[in-house]
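Hi everyone, thanks for making time this morning.

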Amino acid sequence: MTILVTGGAGFIANTLVESILSRGDSVICLDNLSRGTVSNVARFTRKNSFRFSTVDLADLDAFRSCLDSHVDLGPISEVWHLAANSDIPAGIADPGVDLRDTFMTTFNVLRVMEERKIGELLFASSSAIYGDLGEKELTESTGPLFPISNYGAMKLASEAMITAAAEKFLDRALLFRFPNVVGLPATHGVILDFIRRLRSDPDHLDVLGDGSQRKSYLHVTELVEAMLFIQGRAAKKVDVFNIGPSDAGIHVRDIARETVAAVAPGARLKFGTDNKGWVGDVPCFAYSTAKLSELGWTPKLSSLEAVRRAIREINGQENPP
Ligand SMILES: NC(=O)c1ccc[n+]([C@@H]2O[C@H](COP(=O)([O-])OP(=O)(O)OC[C@H]3O[C@@H](n4cnc5c(N)ncnc54)[C@H](O)[C@@H]3O)[C@@H](O)[C@H]2O)c1
C-alpha cells in the first residue's frame, strides 16, 4: 500500500514513518519544512519505498501537483494527517498561523482525498480541543468544548470537517487526541526549550508560569504504537480516542527539576507568577484513557518515566558526541 504522511519531516512523523515502512508499505512524506527538517527524513531517503517533497499543504494547487509527481508509487490508500502549526504561542500572536497550517491543511487534505478517492484518514488531534476544564476528567464525550488557543480551535474545527467528510465520502476516519508527546527528534516542546536555555546559561533556568501546571506526557514510541493498535482494532467508521499515560500527569516544576539535574546540576530555578506559561496554555488536564484501555492498549511508561527518557534523549540530540 502507499501511505501519505503530512507533516512528514516533523517530530512524531519520524517514528510513525519508520513503523509504516517496516510493515512493508510505501510512504509519501510531505512537509513545508516550517518546523520539520530534511535531516529528520534523511535515513529513509535511500529506500525505493520512500518519497519526500517540500510543499505547503495550505496551497491546494501545489499539493495536487506534488501528489501527481508521485503517481508512479500507485494509488494512495490512507492518509496520516500530522501537518499543523505546533507552536501554540505563535498561533496566539497571529491567528492566521493556525488557520493556514492547522485548519487549511486539513481542509485541503480532505479535498484531495475526495478527488483521488482515498478512503482512510488518521488525524493527529490534541487535548487542546478540550480547553481549560480544570480537574474535570476529560473523556472523548466531554463537552461542550471551548478551546482556549487558536491551535485548539483549529484542531476542533478540523475534527468537525473530518466527521462531515466521513458522512459524504470517507470510508473511515480516526481522530487521535494526543497529550504532550516527548522523545526524538525533538522539534519543539518544554524539554527542548529547558535544555536549550540551560546550555546557553547553566546557572539558572527561567520557567514560564509558576511551575504548577500539570500535564500528561507520553513517549512518541508509545504514541505511534497506540495509533497503529487503534487502526488495527477500531470497529466504527468514525471514532475518537484520547491517547495518553495511565496517570494524571506531572507538574512543570518537576520537569524543570529533572532537566536541571540531568543537564546543569546546581542551576537555580526561577518561576513566573501565573499558573499559565502563556496565553492559551491549559494549566491542568485530567485525561481519561479508559476507552483506549478497553480496546486493549495501555502504555508501559508513566508521565515521569517518559519525561526522564526524553530528557536523556534530547540532551544527547542537543549535544552530539
Ligand atoms: N507533539 C505534541 O506534543 C503534540 C500534541 C498534540 C498534538 N500534536 C499534533 O501532532 C502532529 C505532529 O506534531 P509534532 O509534534 O510532530 O510537530 P512538528 O512541528 O514536529 O510536526 C508538524 C510538521 O508539520 C509541518 N507543517 C506545518 N505546516 C505545514 C504546511 N502548511 N504544509 C506542510 N507542512 C506543514 C511542519 O514543518 C512540521 O514538520 C501535529 O498535528 C500536532 O498538532 C502534537
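Lysine 300 and glutamate 225 form a salt bridge, and their closest N and O atoms are 3.8 Å apart. Where do lysine 300 and glutamate 225 lie? Lysine 300 is in the loop between α9 (290-295) and α10 (303-318), while glutamate 225 belongs to helix α7, so this pair ties together parts that are 75 residues apart in sequence. Lysine 300 counts as exposed, at 65% relative accessibility, and glutamate 225 as partly exposed, at 37%.

Please keep in mind that this is a predicted model.

Now, helix α7 leads us to the sheet. This helix, residues 220-233, lies across β4, β5, β7 and β12, and it runs at about 155° to β7. The sheet itself is open and has seven strands, in the order β3-β2-β1-β4-β5-β7-β12, with parallel pairing. At the edges you'll find β3 (50-54) and β12 (238-242), each pairing on one side only. On average, neighbouring strands are turned by 15° against each other, direction ignored. Another helix, α1, also packs on this sheet: α1 touches β1, β2, β3, β4 and β7, and its direction makes about 175° with that of β1.

Let's zoom in on β1, residues 2-6. Are its residues buried or exposed? Five of its five residues are buried, with Thr2, Leu4 and Thr6 on one side and Ile3 and Val5 on the other. From β1 the chain crosses through helix α1 (residues 11-22) to β2, and this β-α-β crossover is right-handed. Five bridges join β1 to β2, residues 26-31, and threonine 6 has leucine 30 as its bridge partner there. Five bridges also join β1 to β4, residues 76-81, where valine 5 stands opposite tryptophan 80.

Back to the charges, then. How many salt bridges does the structure hold? The count is 21. One of them joins lysine 168 and glutamate 114, with the closest N and O atoms 2.8 Å apart. Lysine 168 sits in helix α5 (residues 150-168) and glutamate 114 in helix α4 (residues 95-115), so here the linked parts are 54 residues apart in sequence. The side chains of aspartate 101 and arginine 100 meet in a salt bridge as well, at 3.3 Å from N to O. Aspartate 101 counts as buried, at 11% relative accessibility, whereas arginine 100 is partly exposed, at 37%. And finally, Arg23, Asp25 and Glu78 are linked in a network of salt bridges.

Note on methods:
Residues numbered from 1 in each chain as written. Predicted model: local features only at pLDDT ≥ 70, side-chain atom pairs only at ≥ 80, totals over all residues. Heavy atoms only, no water. Buried < 20%, exposed > 50% of the residue type's maximum accessible area, 1.4 Å probe, protein only. Helix = DSSP H or I, 4+ residues; strand = E, 2+ residues; numbered from the N terminus. Pairing = 2+ DSSP bridges. Right-handed = clockwise from strand over helix to strand, strands pointing away. Axes fitted to C-alpha atoms, helices over the stretch in contact; angles between N-to-C directions. Contact = heavy atoms within 4.5 Å. Salt bridge = Lys/Arg side-chain N within 4 Å of Asp/Glu carboxyl O.
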